[in-house]
Amino acid sequence: MSSLRAFRTAASALRNVTYSRPFSQQAVSRAMTRSFLVGPAVSARSFSVSSRAFGQGESDVELTSRLKEEIIYEKEAAAQVGEVPEFVQEFTSRGIWKIEEQPGHDEIAITRTFGNETIRVLFSIADIDAPQEAPELDEDGQPVESDDANAVFPIRCAITITKPDMGALSIDCVAEEGNFAIDNVSYYVDAKLATELTAEADWRRRGLYIGPQFDHLDVGVQEAFEKYLEERDIGPTLATFIPDYAEFREQKEYTKWLDNVHKFISA
(Lines give C-alpha, C1' and ligand atoms only; values in the text may rest on other atoms or scores of the structure.)
Protein backbone atom coordinates (compact mmCIF):
# COMPACT_ATOMS: atom_id res chain seq x y z
CA MET A 1 0.00 0.00 0.00
CA SER A 2 1.37 3.44 -0.85
CA SER A 3 2.07 5.74 2.10
CA LEU A 4 -0.47 8.25 0.77
CA ARG A 5 -3.24 5.67 0.76
CA ALA A 6 -2.20 4.44 4.21
CA PHE A 7 -2.46 7.94 5.67
CA ARG A 8 -5.81 8.61 4.06
CA THR A 9 -7.18 5.34 5.44
CA ALA A 10 -6.03 6.22 8.96
CA ALA A 11 -7.31 9.78 8.70
CA SER A 12 -10.72 8.60 7.58
CA ALA A 13 -10.95 6.26 10.58
CA LEU A 14 -10.10 9.06 12.98
CA ARG A 15 -12.82 11.23 11.46
CA ASN A 16 -15.41 8.53 12.18
CA VAL A 17 -16.37 7.79 8.62
CA THR A 18 -17.30 4.38 7.38
CA TYR A 19 -15.21 4.41 4.24
CA SER A 20 -12.46 6.48 2.67
CA ARG A 21 -11.74 7.88 -0.77
CA PRO A 22 -12.77 5.24 -3.32
CA PHE A 23 -10.41 2.66 -4.66
CA SER A 24 -10.92 -0.27 -7.04
CA GLN A 25 -14.12 -2.22 -7.45
CA GLN A 26 -15.68 -1.21 -4.14
CA ALA A 27 -15.23 2.47 -5.02
CA VAL A 28 -17.97 5.04 -4.63
CA SER A 29 -18.02 8.50 -6.14
CA ARG A 30 -15.74 11.19 -4.75
CA ALA A 31 -18.77 13.40 -4.19
CA MET A 32 -20.36 10.85 -1.86
CA THR A 33 -17.11 10.31 0.04
CA ARG A 34 -16.44 14.02 0.44
CA SER A 35 -19.93 14.59 1.81
CA PHE A 36 -19.17 12.11 4.62
CA LEU A 37 -15.80 13.73 5.28
CA VAL A 38 -16.84 17.38 5.49
CA GLY A 39 -20.64 17.44 5.58
CA PRO A 40 -21.34 17.25 9.33
CA ALA A 41 -18.76 19.88 10.28
CA VAL A 42 -20.12 22.37 7.78
CA SER A 43 -23.78 21.76 8.42
CA ALA A 44 -23.28 22.54 12.12
CA ARG A 45 -22.04 26.01 11.34
CA SER A 46 -23.94 29.18 10.56
CA PHE A 47 -22.72 31.99 8.38
CA SER A 48 -23.53 35.64 8.75
CA VAL A 49 -22.12 38.53 6.76
CA SER A 50 -23.09 42.14 6.83
CA SER A 51 -22.39 42.50 3.13
CA ARG A 52 -21.25 40.36 0.26
CA ALA A 53 -17.48 40.46 0.28
CA PHE A 54 -17.15 38.58 -2.98
CA GLY A 55 -19.20 37.35 -5.91
CA GLN A 56 -22.87 38.09 -6.28
CA GLY A 57 -24.53 34.95 -4.95
CA GLU A 58 -25.85 34.20 -1.48
CA SER A 59 -24.44 30.67 -1.69
CA ASP A 60 -20.85 31.82 -2.26
CA VAL A 61 -19.91 31.84 1.44
CA GLU A 62 -21.03 28.27 2.07
CA LEU A 63 -19.37 26.99 -1.10
CA THR A 64 -16.03 28.66 -0.36
CA SER A 65 -16.13 27.30 3.21
CA ARG A 66 -16.71 23.75 1.98
CA LEU A 67 -13.94 24.12 -0.58
CA LYS A 68 -11.57 25.48 2.07
CA GLU A 69 -12.20 22.53 4.39
CA GLU A 70 -11.54 20.13 1.54
CA ILE A 71 -8.31 21.94 0.65
CA ILE A 72 -7.11 21.70 4.26
CA TYR A 73 -7.90 17.97 4.39
CA GLU A 74 -6.10 17.24 1.11
CA LYS A 75 -3.04 19.30 2.05
CA GLU A 76 -2.80 17.56 5.42
CA ALA A 77 -2.83 14.20 3.64
CA ALA A 78 -0.20 15.34 1.13
CA ALA A 79 2.05 16.71 3.91
CA GLN A 80 2.30 13.24 5.45
CA VAL A 81 3.98 11.78 2.38
CA GLY A 82 6.03 14.78 1.29
CA GLU A 83 6.59 16.36 -2.09
CA VAL A 84 8.12 13.15 -3.47
CA PRO A 85 6.75 10.00 -1.78
CA GLU A 86 9.10 7.19 -0.84
CA PHE A 87 7.66 4.82 -3.45
CA VAL A 88 8.47 7.36 -6.19
CA GLN A 89 12.00 7.84 -4.89
CA GLU A 90 12.53 4.08 -4.87
CA PHE A 91 11.22 3.73 -8.42
CA THR A 92 13.28 6.56 -9.92
CA SER A 93 16.43 5.54 -8.01
CA ARG A 94 16.53 2.34 -10.07
CA GLY A 95 17.58 4.53 -13.00
CA ILE A 96 15.60 2.51 -15.55
CA TRP A 97 12.55 4.65 -16.31
CA LYS A 98 12.07 8.38 -16.77
CA ILE A 99 8.75 10.02 -15.83
CA GLU A 100 7.53 12.64 -18.32
CA GLU A 101 4.59 14.81 -17.29
CA GLN A 102 3.24 18.35 -17.38
CA PRO A 103 1.44 20.05 -14.48
CA GLY A 104 -2.23 20.44 -15.25
CA HIS A 105 -2.28 17.59 -17.79
CA ASP A 106 -3.76 14.18 -17.09
CA GLU A 107 -1.50 12.07 -19.32
CA ILE A 108 1.78 10.68 -18.03
CA ALA A 109 4.51 8.94 -20.02
CA ILE A 110 7.15 6.64 -18.55
CA THR A 111 10.00 6.08 -20.99
CA ARG A 112 13.26 4.19 -21.34
CA THR A 113 15.62 2.78 -23.93
CA PHE A 114 16.51 -0.89 -24.31
CA GLY A 115 19.23 -1.61 -26.85
CA ASN A 116 18.07 0.03 -30.07
CA GLU A 117 14.49 0.26 -28.79
CA THR A 118 12.63 3.26 -27.42
CA ILE A 119 9.87 2.26 -25.03
CA ARG A 120 7.01 4.45 -23.83
CA VAL A 121 4.24 3.56 -21.38
CA LEU A 122 1.42 6.09 -21.58
CA PHE A 123 -1.46 6.30 -19.08
CA SER A 124 -3.97 8.80 -17.74
CA ILE A 125 -4.69 9.83 -14.16
CA ALA A 126 -8.30 10.32 -15.27
CA ASP A 127 -8.76 6.55 -14.80
CA ILE A 128 -8.72 7.19 -11.03
CA ASP A 129 -12.08 8.96 -11.31
CA ALA A 130 -13.49 6.69 -14.02
CA PRO A 131 -16.84 5.07 -13.17
CA GLN A 132 -16.43 1.73 -11.44
CA GLU A 133 -18.81 -1.02 -10.46
CA ALA A 134 -21.34 0.10 -7.87
CA PRO A 135 -20.30 -0.80 -4.31
CA GLU A 136 -22.06 -3.60 -2.47
CA LEU A 137 -24.67 -2.18 -0.08
CA ASP A 138 -25.81 -3.47 3.29
CA GLU A 139 -29.45 -3.78 4.38
CA ASP A 140 -29.44 -0.09 5.36
CA GLY A 141 -28.28 0.95 1.91
CA GLN A 142 -24.76 1.86 3.06
CA PRO A 143 -21.61 0.77 1.18
CA VAL A 144 -20.06 -2.39 2.60
CA GLU A 145 -16.45 -1.79 3.60
CA SER A 146 -14.03 -4.07 1.77
CA ASP A 147 -11.44 -6.14 3.61
CA ASP A 148 -8.94 -5.47 0.82
CA ALA A 149 -7.18 -2.26 1.90
CA ASN A 150 -4.67 -2.60 -0.94
CA ALA A 151 -7.23 -2.56 -3.75
CA VAL A 152 -6.56 0.07 -6.42
CA PHE A 153 -8.09 1.29 -9.65
CA PRO A 154 -7.14 -0.52 -12.84
CA ILE A 155 -5.19 1.87 -15.08
CA ARG A 156 -5.27 1.50 -18.86
CA CYS A 157 -1.86 1.73 -20.50
CA ALA A 158 -0.63 2.13 -24.07
CA ILE A 159 2.86 0.67 -24.48
CA THR A 160 4.84 1.42 -27.64
CA ILE A 161 8.17 -0.15 -28.57
CA THR A 162 9.88 1.43 -31.57
CA LYS A 163 13.03 0.57 -33.52
CA PRO A 164 14.81 2.76 -36.10
CA ASP A 165 13.32 2.17 -39.57
CA MET A 166 11.42 -0.88 -38.28
CA GLY A 167 8.10 0.60 -37.19
CA ALA A 168 6.59 -0.05 -33.79
CA LEU A 169 4.68 -2.46 -31.63
CA SER A 170 1.71 -1.00 -29.76
CA ILE A 171 0.40 -2.92 -26.76
CA ASP A 172 -2.92 -2.09 -25.13
CA CYS A 173 -3.12 -3.36 -21.57
CA VAL A 174 -4.34 -2.70 -18.04
CA ALA A 175 -2.13 -2.34 -14.96
CA GLU A 176 -3.90 -3.85 -11.97
CA GLU A 177 -2.86 -5.68 -8.81
CA GLY A 178 0.80 -5.84 -9.84
CA ASN A 179 0.20 -7.32 -13.29
CA PHE A 180 -0.35 -6.20 -16.86
CA ALA A 181 -3.41 -7.72 -18.51
CA ILE A 182 -2.79 -7.46 -22.25
CA ASP A 183 -5.72 -6.81 -24.59
CA ASN A 184 -3.93 -6.86 -27.93
CA VAL A 185 -0.60 -6.27 -29.67
CA SER A 186 -0.56 -4.20 -32.87
CA TYR A 187 2.23 -3.58 -35.37
CA TYR A 188 2.66 -0.34 -37.31
CA VAL A 189 5.05 0.01 -40.24
CA ASP A 190 5.16 3.74 -39.54
CA ALA A 191 6.35 4.30 -35.97
CA LYS A 192 4.89 7.82 -35.91
CA LEU A 193 1.46 6.36 -36.47
CA ALA A 194 1.86 4.34 -33.28
CA THR A 195 3.26 7.13 -31.12
CA GLU A 196 1.67 10.40 -32.24
CA LEU A 197 -1.20 11.66 -30.10
CA THR A 198 -2.82 13.90 -32.71
CA ALA A 199 -6.36 13.75 -34.08
CA GLU A 200 -4.92 13.09 -37.54
CA ALA A 201 -2.90 10.10 -36.32
CA ASP A 202 -5.92 8.75 -34.49
CA TRP A 203 -8.00 9.06 -37.66
CA ARG A 204 -5.30 7.27 -39.70
CA ARG A 205 -5.20 4.40 -37.19
CA ARG A 206 -8.90 3.75 -37.58
CA GLY A 207 -9.72 0.88 -39.85
CA LEU A 208 -6.27 -0.70 -39.58
CA TYR A 209 -5.96 -4.31 -38.49
CA ILE A 210 -4.82 -4.19 -34.86
CA GLY A 211 -4.11 -7.87 -34.39
CA PRO A 212 -6.07 -10.58 -32.58
CA GLN A 213 -7.26 -10.45 -29.01
CA PHE A 214 -4.29 -11.42 -26.90
CA ASP A 215 -6.10 -14.24 -25.10
CA HIS A 216 -6.95 -15.77 -28.49
CA LEU A 217 -3.28 -16.40 -29.18
CA ASP A 218 -1.66 -19.75 -28.50
CA VAL A 219 -0.76 -20.02 -24.82
CA GLY A 220 2.88 -20.50 -25.71
CA VAL A 221 2.86 -17.26 -27.74
CA GLN A 222 1.19 -15.41 -24.85
CA GLU A 223 3.83 -16.61 -22.40
CA ALA A 224 6.65 -15.68 -24.78
CA PHE A 225 5.21 -12.16 -25.16
CA GLU A 226 5.01 -11.76 -21.40
CA LYS A 227 8.66 -12.81 -21.02
CA TYR A 228 9.57 -10.37 -23.82
CA LEU A 229 7.96 -7.52 -21.86
CA GLU A 230 9.35 -8.56 -18.48
CA GLU A 231 12.88 -8.53 -19.91
CA ARG A 232 12.25 -4.85 -20.67
CA ASP A 233 11.13 -4.25 -17.06
CA ILE A 234 7.47 -4.17 -18.09
CA GLY A 235 6.35 -6.43 -15.28
CA PRO A 236 5.13 -6.49 -11.67
CA THR A 237 7.25 -3.54 -10.44
CA LEU A 238 5.97 -1.20 -13.15
CA ALA A 239 2.41 -2.54 -12.94
CA THR A 240 2.40 -1.79 -9.21
CA PHE A 241 3.96 1.66 -9.59
CA ILE A 242 1.59 3.01 -12.26
CA PRO A 243 -1.69 2.88 -10.26
CA ASP A 244 0.06 4.28 -7.16
CA TYR A 245 1.61 7.11 -9.15
CA ALA A 246 -1.65 7.87 -10.96
CA GLU A 247 -3.34 8.15 -7.55
CA PHE A 248 -0.57 10.42 -6.23
CA ARG A 249 -0.67 12.71 -9.26
CA GLU A 250 -4.48 12.81 -9.30
CA GLN A 251 -4.45 13.99 -5.69
CA LYS A 252 -2.03 16.80 -6.56
CA GLU A 253 -4.14 17.91 -9.52
CA TYR A 254 -7.32 17.67 -7.46
CA THR A 255 -5.85 19.92 -4.77
CA LYS A 256 -4.80 22.44 -7.42
CA TRP A 257 -8.31 22.32 -8.84
CA LEU A 258 -9.77 23.00 -5.39
CA ASP A 259 -7.43 25.96 -4.94
CA ASN A 260 -8.27 27.44 -8.32
CA VAL A 261 -12.02 27.05 -7.88
CA HIS A 262 -11.84 28.47 -4.35
CA LYS A 263 -9.93 31.52 -5.59
CA PHE A 264 -12.40 32.03 -8.42
CA ILE A 265 -15.47 31.86 -6.20
CA SER A 266 -13.83 34.10 -3.61
CA ALA A 267 -12.82 36.81 -6.09
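Here is a short tour of this protein chain, from its overall layout to its cores.

Welcome to a predicted model, in which local features need pLDDT of at least 70, side-chain atom pairs count only at pLDDT 80 or more, and totals for chains, interfaces and linings use all residues. Residues are numbered from 1 along each chain as its sequence is written, and side-chain values use heavy atoms, with hydrogens and water left out.

**Overall layout**
- The protein chain has eight helices and six strands, where helices (H or I, at least four residues) and strands (E, at least two) are DSSP runs numbered from the N terminus.
- Starting at the N terminus, the order of elements is α-α-α-α-β-β-β-β-β-β-α-α-α-α.
- Of the 267 residues, 42% are buried, meaning under 20% relative accessible area with a 1.4 Å probe, protein chains only.

**The largest nonpolar core**
- This core has 32 residues; a nonpolar core is a set of buried Ala, Val, Leu, Ile, Met, Phe, Trp, Tyr and Cys residues joined through side-chain atoms within 4.5 Å.
- Ile110, Phe123, Phe180, Leu238 and Ile242 have the most contacts inside it, a contact being heavy atoms within 4.5 Å.
- Elements giving two or more residues to this core include β2 (107–114), β3 (117–124) and α8.
- Helix α8 gives the most to this core, with seven residues.
- Leaving aside neighbours within four places in sequence, Phe180 is in contact with residues including Cys157, Leu238 and Ile242.

- His262 lies in helix α8 (residues 236–266) and counts as buried because its relative accessibility is 18%.
- Not counting residues up to four places away in sequence, His262 touches Thr64, Leu67, Lys68 and Ile71.

How values were computed. Buried < 20%, exposed > 50% of the residue type's maximum accessible area, 1.4 Å probe, protein only.
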